[in-house]
Structures are given as C-alpha cells and as structure tokens.
Amino acid sequence: MSVTLPASASYLRKRSQCVRMAVMSRVTGASEPRSTAAAVGSAFHRIAELYVRAWLNGSEFDVESARPTGLFPDEWNEVVELVKAFVERFPGRFKGLRPSPEIKMAVNADGKPVTWDDESAVYRGVIDLMLRLDRETMLIVDYKTGAAPPDGDTPCRADRIQLMDYAGMCACKSPDLKKFQDAVWNTRFDTWQDLHLERHEVMEHLHSRIMEAKGDQDTTEWPASPGFWCRTCPVAQSCP
C-alpha cells in the first residue's frame with residue numbers, strides 16, 4: 001500500500017488527529033458515514049463561494065438556483081437559513097475589503113507555489129476567504145457551521161494548524177506578505193476566533209507539513225491515536 005500525493009488540507013487535518021485513520025482512509029478510499037452536519041456544511045461552503053463570486057462581480061445571487069443534489073428537505077432548509085445569515089453579515093463584516101477570487105493553493109516539495117493540477121504538487125488546499133488588509137498583511141478566514149458555540153476567543157488546535165497551513169501557502173504565493181491575521185468565523189453564531197502569525201512561523205510550519213505528507217509515502221508504519229474520532233472512523237475495524 002502507498003499514499004499518493006498531493007495531500008489535501010482535510011487529509012492533513014485528519015492526520016493531526018490520527019495518522020493511521022488518515023492514511024488508511026486515503027489508501028482504501030473509505031469515507032466516514034454520511035451525516036447531516038457534514039452534508040449541510042459542504043453545501044454551505046459551496047454556496048458561500050458562489051455568493052462571494054457574485055458579490056465580487058456585482059451580480060445578483062439566488063440561493064435556490066445554487067441548490068445541490070443529494071440533500072434532504074430539512075437539510076436544505078438548514079442550509080438556506082445559514083446562507084441567509086451569511087449574506088446579511090458578509091458586507092458589514094468585510095466592509096471596505098475586497099476578497100481574493102483565487103482560493104485554490106498548491107505547493108511543491110520545495111514549498112514553491114504551483115498550479116492546482118501541476119504534477120509536482122505535494123499539498124493543496126482551498127481557502128474559504130482571503131482579503132488583503134494592507135501591503136504586508138493578509139486576512140485568511142475559515143468558515144465553520146458547527147451546531148455548538150465555539151469555546152474561547154482562539155481557534156482550537158486542529159483549526160489553528162489548518163489556518164497555519166493556509167497562511168503558509170499564501171506566503172509562498174506572495175513574497176511581500178509578512179503578517180497573517182487568520183480567523184475562524186462560525187457563521188451560525190457569528191463568532192470570531194483570531195490567530196496572528198508572522199511569515200517565518202507559517203513558512204516553518206508549512207515545511208514540516210510537506211515533510212509529513214511526503215513521509216507517509218516512505219513507510220508502512222502508521223500509528224493509531226485513539227480519540228473521539230474513532231466513533232466515525234471508517235477504518236476503525238482494521239486497527240490493531
């Protein structure tokens with residue numbers, strides 16, 4: 001068995017919880033059981049992207065026309081409510097700022113930016129929202145739709161790691177960026193959790209993540225780390 005590259009942000013996020021879960025899920029193609037929360041979150045993220053693009057173009061946006069397939073009626077109703085709140089809050093929260101239309105990032109083994117489909121890509125990620133605050137500072141926002149209010153003013157460990165991943169890829173893409181204001185925005189509760197980072201921090205972090213992704217190809221020892229994620233792990237039965 002071998003792990004193929006490029007790695008994704010979701011793969012490395014899962015890896016930070018349990019290496020074996022991430023690797024075996026990827027190798028076998030197993031996926032977690034369908035859940036309403038995941039279905040709603042995925043649909044919301046896609047529609048939020050469409051809204052931001054329409055907002056950038058100054059065009060009208062109709063949430064009904066963006067309805068994805070595969071959602072149950074109650075799930076779609078929940079998505080609609082989340083999108084309505086998002087559309088109402090977005091212009092005010094980011095007043096005077098212009099989102100970047102480029103949200104897909106990819107880097108090679110040397111940490112150099114490459115195109116999304118480049119064969120040398122080692123790590124890829126899709127960033128929910130990027131806004132340039134000034135010449136040297138980028139605001140990176142990750143949307144969350146969790147049904148429970150977040151705890152505290154700073155992102156949890158898994159969210160913090162993913163935000164650092166995104167900041168690292170932005171740093172590779174834009175050498176003039178020196179500072180990063182990363183944030184988790186829970187759009188359901190309109191809460192905001194900040195993380196402030198310097199360029200050297202995110203570059204060091206991204207390099208270590210690239211090494212993690214590459215390292216999974218060179219070994220057959222993928223340790224398990226039991227935790228609450230075992231309840232929905234698609235390969236739990238194969239754990240030693």
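Residues are numbered from 1 along each chain as its sequence is written, and side-chain values use heavy atoms, with hydrogens and water left out. Because the model is predicted, local features need pLDDT of at least 70 and side-chain atom pairs count only at pLDDT 80 or more, while totals for chains, interfaces and linings use all residues.

A salt bridge here is a side-chain nitrogen of Lys or Arg within 4 Å of a carboxyl oxygen of Asp or Glu. Under that rule there are 15 salt bridges. One of them joins the side chains of Asp159 and Arg13, with an N to O distance of 2.8 Å. This pair links distant parts of the chain: Asp159 belongs to helix α5 (residues 157–173) and Arg13 to helix α1 (residues 9–17), 146 residues apart. Helices are DSSP runs of H or I with at least four residues, strands are runs of E with at least two, and both are numbered from the N terminus.

The two partners differ in burial class, where buried means under 20% relative accessible area, exposed over 50%, and partly exposed in between (1.4 Å probe, protein chains only). Asp159 is buried because its relative accessible area is 7%, whereas Arg13, at 23%, counts as partly exposed.

Another salt bridge is formed by Arg34 and Glu75, whose closest N and O atoms are 2.7 Å apart. Glu75 has 1% relative accessibility and so counts as buried.

A local case is the salt bridge of Glu49 with Arg53, with closest N and O atoms 3.3 Å apart. Both residues lie in helix α3, four residues apart, which is about one turn of the helix. Glu49, at 22% relative accessibility, is partly exposed, and Arg53, at 32%, is partly exposed as well.

The strands come next. Strand β2 (residues 104–108) is largely enclosed by the rest of the structure, because four of its five residues are buried. β2 pairs with strand β3 (residues 121–126) in the antiparallel sense over five bridges; strands count as paired if DSSP finds at least two bridges between them. Within this pairing, Val107 has Tyr123 of β3 as its bridge partner. In a regular strand, side chains alternate between the two faces of the sheet.
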